[in-house]
Amino acid sequence: MKLPFLSRYSRSFLGLGLLLAAGLLSWLFLAYKPPAAWTENELRMISSLSLSSLPALPLDASNKASADPLAEELGHALFFDARLSANKQISCASCHKPELRFTDGLDKAKAIGQSRMNTPSIVGLAYSPWLYWDGRRDSLWSQALSPLEDPQEQASNRMYIARFVTEDPEYSRMYHSIFGELPDFSDRSRFPDNAGPGLKTVWYSAWEQMSKEDQNLVNETFANVGKAIAAYERLLVPAPAKFDQYADALLKDQMEPGDIYSNDEVKGLRIFIGQGRCMECHNGPLFTNFEFHNTGIISYPGDLPDRGRVDGLREVRKNPFNCQGEYSDRDPSQCLELIHAREGIELIGALKTPSLRNLAGTAPYMHKGQIKTPKESLEHYNKAPLAMIGHNETDSPLGLVSFELRQLEAFLMTLQAPLEIEQRWLQPPQ
Amino acid sequence: MFKKLMLLKIALFLQMLVLNVFAQQESTSVLESEKGFFRLSYESQLNPIVINQMHSWTLHIVDVDGNAVSDAEISIGGGMPEHNHGLATAPSIKTVGNGNYQLQGLRFHMMGHWELELTISSGATEDTVVVILDL
């Protein structure tokens, strides 16, 4: 084609101009992905946090019904059954509310009485070697037994619960299929209505009058109730969140996936794995190492500071339902966590690291709900105050400025996700 | 200018080689104790070692002449010097024989620089091996 009205030079310019315009247009239509600005070590850290790195759901060797589908069903029913409590109004789900990611939104749990501690979530706890803020139990099943008898929580007793579950037509049928022979508690002279050690005086003295064999039969049945509840709780695991999408896309292509994270969220992640030092405790795909740390949390108004793990370790060792106890299904020599539990002054005032997944749905925070918002929590770690008891491990202020704290919070909000479970498990069975 | 760049490239290449050698050493190396009395090699049940998982190691200890040390008493210490805290667990030692020992109950609860101090005593000799782990 000849364009006689244009000089040769002008034609070259026109050509260049067209090329440039085409380039600009293609820019609009082709997604631009800048190369990942992460170092290899940072990518390794991001990968370690992704749910894709989460190992398969572990079996609890101390609970032979750990993955029994029928035990999951029985546990599901028991979890929502308020008849297990003294006043028939409190179930596990009264404090571990499915709609609040199995927490209750309160500073300290309220059941029949006022509990001492904040209700922790159950989600992902199948991966935790320790239960409770101070680790005073070492399995989901032994934990599930505690609130049933705690006078401030369900305030019942093991004799009542063992009989109730094994005499209820529906439950006894399931119990029989899971655990075998049903115990016979029909002789009231041997098995009173209510009995249990360390509980209110009438129940305690009734327990003391029972023979060792009868006590043992009740304990065994009671432990099985816990094992069924644990089989259900084991199923509660988080589904992938926006962070996991980002991490997986980033690691697959080694390119910044521009359309998943905002700039603030990327920067927040960078702070999380770097200067924020969050990963020292909130590591692994569940954003917790399930270990005990003193982070200088101020005690609850009117309460003495909690001694934390120091007391928890003492209690778990003497608990008859621990991994080495006679109701555990595990070879005692294989209870490695209990055998190798560390002691020492570092554990004074130390409490278990909670998961950060679903942070937004689980306020208030810390072992007594002392901190109300994620923002306040980040400010706490940024300041690193002196501990009231023991020594604050995070003893140097982080030196993050306000916009960095905001970015860190933006990142933390990308850890929201529903549970990786069918809806029917999140409500009472039909 | 070109020469300088070439020199830089060669330097980087050499550094890479050195780093690679170190990286390989981590899993197979023989570590010498501080005063030189013992040499220790170890094999972890977990390979690579990851955080938050309980596991054990097999240790092998020899003296300066390469003879297996089978009567050693080993005490375990260490932690993360940068964070000023100890180990997450209280590991223990089981003697296997022929200079082999099982180090049980290890679980590292953070990524980063760990130092595991194994103090070995055999007869009148006592010496410490520091195993360095970057997780």
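Student: Let's start with β4 of chain B. How many bridges join β4(B) to β5(B), and do they run parallel or antiparallel?
Tutor: This is a predicted model, so read everything with that in mind. Strand β4, residues 73-80 of chain B, is joined to β5(B) by 2 bridges, and the strands run antiparallel.

Student: Which residue stands opposite G86(B) of β5(B)?
Tutor: G79(B) stands opposite G86(B).

Student: What's the strand order in the open sheet of 4 strands?
Tutor: The order is β5-β4-β8-β9 in chain B, with antiparallel pairing.

Student: And which are the edge strands?
Tutor: β5 (85-86) and β9 (125-134) of chain B. Each of these pairs on one side only.

Student: Remind me, what holds strands of a sheet together?
Tutor: Strands pair through backbone hydrogen bonds, either parallel or antiparallel.

Student: OK, β3(B) next. How many bridges join it to β2(B)?
Tutor: 7 bridges. Strand β2 covers residues 38-44 and strand β3 residues 55-63 of chain B, and they run antiparallel. Take L40(B) as a landmark: its bridge partner in β3(B) is I61(B).

Student: How many bridges does β3(B) have with β7(B)?
Tutor: 5 bridges, in the antiparallel sense, with β7 being residues 100-106 of chain B. There, H55(B) stands opposite L106(B) of β7(B).

Student: What about the loop between β2 and β3 of chain B, which proline sits there?
Tutor: P48(B) is placed in that loop. Look at the peptide bond from N47(B) to P48(B): it is cis, with omega near 5°.

Student: Where is the cis proline in chain A?
Tutor: The bond from A363(A) to P364(A) is cis, with omega near -5°. P364(A) lies in the loop between β2 (351-352) and α14 (374-383) of chain A.

Student: What is the phi of N358(A)?
Tutor: About 60°, a positive value although N358(A) is not a glycine. N358(A) lies in the loop between β2 and α14 of chain A.

Student: Is N358(A) buried or exposed?
Tutor: Buried, because 22 other C-beta atoms lie within 10 Å, and the cut-off for buried is 20 or more.

Student: And N98(B), buried or exposed?
Tutor: N98(B) counts as exposed, because it has 9 C-beta neighbours inside 10 Å. The exposed class takes 12 or fewer. Phi of N98(B) is near 55°, again positive in a residue other than glycine. You'll find N98(B) in the loop between β6 (92-97) and β7 of chain B.

Student: Zoom out. What is the secondary structure of chain B?
Tutor: 1 helix and 9 strands. Of the 135 residues of chain B, 21% count as buried.

Student: And chain A, how many helices and strands?
Tutor: 15 helices and 2 strands. Of its 430 residues, 41% count as buried. The C-alpha atoms of chain A fill a box of roughly 115 × 50 × 40 Å along the principal axes.

Student: How is chain A divided into domains?
Tutor: Domain 1 takes 40-54 + 240-308 + 348-415, and domain 2 takes 69-236. Their contact uses 17 residues from domain 1 of chain A and 19 from domain 2 of chain A. On the domain 1 side, the touching residues are 7 nonpolar, 7 polar and 3 charged. The centres of the two domains are 32 Å apart, over C-alpha atoms.

Student: Now helix packing. At what angle do α11(A) and α15(A) cross?
Tutor: Roughly 100°, with the axes coming within 7 Å. Helix α11 is residues 263-273 and helix α15 is residues 402-412 of chain A.

Student: Which residues make the contact?
Tutor: Among them are L269(A), I271(A) and F272(A) of α11(A), and L408(A), A410(A) and F411(A) of α15(A). The contact also includes D264(A), E265(A) and K267(A) from α11(A) and E404(A) and E409(A) from α15(A). The residues divide into 6 nonpolar, 2 polar and 5 charged.

Student: Last one. How many residues of chain B are in contact with chain A?
Tutor: 16 residues of chain B, in contact with 18 residues of chain A. The chain B side has 8 nonpolar, 8 polar and no charged residues.

Terms used. Residues numbered from 1 in each chain as written. Chains lettered and ligands numbered in written order. Predicted model: local features only at pLDDT ≥ 70, side-chain atom pairs only at ≥ 80, totals over all residues. Domains from an automatic or database assignment. Contact = placed C-beta atoms within 7 Å. Nonpolar A, V, L, I, M, F, W, Y, C, P; charged D, E, K, R; others polar. Pairing = 2+ DSSP bridges. Axes fitted to C-alpha atoms, helices over the stretch in contact; angles between N-to-C directions.
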